[in-house]
Amino acid sequence: MSAEQGSPEPTQDQPERVAIGISFGNSNSSIAYTTAIEGKAEVIANEEGDRQIPSTLSYVNGEEFSGTQAKAQIVRNPRDTITSFRDFLGKTFEQIDPSPCHASAHPVSVNGGAGFVVQDHTEVKQPEKSTLSVSEVTTRHLRRLKQSATDYLGKNVTAAVVTVPSDFSDEQKTALSASAQKAGIEVLQFIPEPIAALLAHDAKAQIAAEGGPASEHQDKIVLVADFGGTRSDVAVVASRGGMYTTLATSHDYRLGGSSLDKVLVEYAAKEFLKKHKTAKDPRETERSLSKLTLDAESVKKALSIGGSASFSVESLIDGLDFNLTVNRTRYELLSNKIFMAFTRLVESAVQKADLDILDIDTILLSGGTSHTPKIASNLQSHFPESTIIISPSTSSSAINPSELSARGAAIQASLISEFEKEQIEESTEAVVTVTPHLHNAIGLVVAGGAAGKEEFSVLVEPETPVPVRRTAQLTVKDGGDVIIKLAEGGRSIVVSAAEKATTNGAADSDDEDDDSDDEPEENRSKVWATQKVIAEAGLRGVKKGGKIEVQVNVAADLSLTMVCREVGGKGGVRGVVQAARVELNGNAA
Amino acid sequence: PSLPDGWSAEKDFKPIDHLSAPISRAIEPVGPHFLAHARRKRHKRTFSEDERI
């Protein structure tokens, strides 16, 4: 990926590679490692005790501060404090959106890219400021993270798996890789944030289900919603046998926790002006606005846990102190519009994936803003009851959403830290892209349902990468000779009006009406239908109430092997369906 | 469902149609199951061959 920078760091001694997981965000970063004995991922707290380390650097009298200490300097030292720089990496100055840096050091153009001008050295007599490129800033930040991890682990950290947004370009990755190299960190792999979150969640679920027979991975469609500080990203992922395929992503670069902070700032400022009629508006001077914003963030965090929280800012403006208690209900009312925007973003990702909300089995909430209980409850009411929402307020086993992606990165780091660099690259390039995914579900046509009608029962879900093998058992009630039909099936959404359709005079309300009329109590459900039968197999002389095991094997070339046998019986039927020839498809791709 | 009368096939198996054309998508190169997949693919092994090792 990146050319060797000829760094002075002794990365050559192969045997001792200490790898951690880094989640590097615009607002916060986290570092995590996996314990040697249990293999569990743990997030490392830095020397200040923070697990969510603000991605902020500040210079005071030539001394470098990072994390929470640096963030506090936004009030007194805004122009020498650098924030929100992750998304500037690898971009030209014209491409960046400088608005998150409004309260701190403003980005300037440095060699076409972004950079910052700060006073970072002690020469007080010569107050000449330094111009730092964004990659230099990133290097300094990563060096701090590396140092914290090294201190904690007692071993020199040399490598890391770093999480990046799913839409991070190759230029951005290259730039990040180079900055990390300079900080003495070899980036083993970049993994997308939503996938890292999912990996961390699944690893935990796996441990929880250990011992039981259900430790096998379920096939499910997971929507990972990463609600961050200044941006939010959503990804729809097909999880099949523990492998993940991203079906669609959507992004909002303005929506995040800082939008919620703004709501609180507005509210607090208005209340302040009500109390102090003659005072100046605290939003109009930079320092008081910064004070208010910092406090709003901690009020917001407190409201995710408790029912009420209070602002208290000393000498907000004109030497006046400010105290105000906010309860959660009021906050939720004020922020309602923004909460709805989160739901809309999630919905748009489902649409992009060409899916229905009924197709989503699980929603995994990640990112700091996901602590907000209202966001989870909004999603719960928007999605069908069958959808499982994983967040601290809806699921007791949920992992702290702020820690998910760092943990995922740590797990991945522990998996690949033994590998050679080339081995990792080889595995991540050619192999990944060329995997065909099944377009339709494969399943069995079974008797069942009402009036002995034939139904389709899914064996292999759509969007499953091949090769794949799935086994199912079915019970034959009557015994005797049976036919097993293997078929492809498609999913459709059936809308049936519920009982209460009395308000509308028109009894023959069609689909078109349903859309225009907003909420006419309708029941929507997912129905599978057989599309074409692939193969039939006959099994003779099955015992009454006997069980049949059906195994389906789809090879990489899409040929299919089916094996049917009675459990406990001998023999059975085995057959192969050849793959469709290329001429039949029409397109050789 | 029971076998219809007169149904017969060679070795009791009758292939009827082929699978539909697949969609090529990229798997995320993350997690233990992917690494197992990558290993199989690099060595061109099948599931059962992999299990034997």
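The model is predicted.

**Interface between chain A and chain B**

The contact involves 67 residues of chain A and 37 residues of chain B. The size of an interface is often expressed as the accessible area that is lost when the parts come together. Here the area buried between chain A and chain B is about 4800 Å², and carbon and sulfur atoms give 62% of it.

Polar links are also present: 13 residue pairs are in polar contact between chain A and chain B, with both residues at pLDDT 80 or more. On the side of chain A that touches chain B, strand E25 (residues 522-542) of chain A supplies the largest share, 8 residues. By class, this side of chain A consists of 38 nonpolar, 20 polar and 9 charged residues.

E25(A) also pairs with a strand of the other chain. Its partner is strand E1 (residues 13-15) of chain B, in the antiparallel sense and over 3 bridges. Within E1(B), Lys14(B) is the bridge partner of Glu536(A).

**An open sheet in chain A**

Strands of a sheet pair through backbone hydrogen bonds, in a parallel or an antiparallel way. In chain A, 3 strands form an open sheet in the order E8-E9-E10, with antiparallel pairing. Strand E8 (107-110) and strand E10 (130-133) of chain A are the edge strands, each pairing on one side only. On average, neighbouring strands of this sheet are turned by 45° against each other, direction ignored.

Strand E9 (residues 113-118) of chain A is joined to E10(A) by 4 bridges, and the two run antiparallel. One of the residues involved is Val118(A), whose bridge partner in E10(A) is Ser130(A). Helix H2 (residues 134-153) of chain A lies across E9 and E10 of chain A and runs at about 80° to E10(A).

**Salt bridges**

Over all chains the count comes to 27 salt bridges. Between chain A and chain B the count is 2. The table gives one pair between the chains and one within chain A.

| Salt bridge | N to O distance |
|---|---|
| Arg25(B) and Glu463(A) | 2.7 Å |
| Arg79(A) and Glu286(A) | 2.7 Å |

Key:
Residues are numbered from 1 along each chain as its sequence is written. Chains are lettered from A and ligands numbered from 1 in the order in which they are written. This is a predicted model: local features need pLDDT of at least 70, side-chain atom pairs count only at pLDDT 80 or more; totals for chains, interfaces and linings use all residues. Side-chain values use heavy atoms; hydrogens and water are left out. Contact means heavy atoms within 4.5 Å. Buried area is the accessible area (1.4 Å probe) that two parts lose on being put together, summed over both. A salt bridge is a side-chain nitrogen of Lys or Arg within 4 Å of a carboxyl oxygen of Asp or Glu. A polar contact is a pair of N or O atoms within 3.5 Å; within protein, one must be able to donate a hydrogen and the other to accept it, and residues adjacent in sequence count only if both atoms are side-chain atoms. Ala, Val, Leu, Ile, Met, Phe, Trp, Tyr, Cys and Pro count as nonpolar, Asp, Glu, Lys and Arg as charged, and the others, Gly among them, as polar. Two strands pair if DSSP finds at least two bridges between them. Axes are lines fitted to C-alpha atoms, for helices over the stretch in contact, and angles run from 0 to 180 degrees between N-to-C directions.
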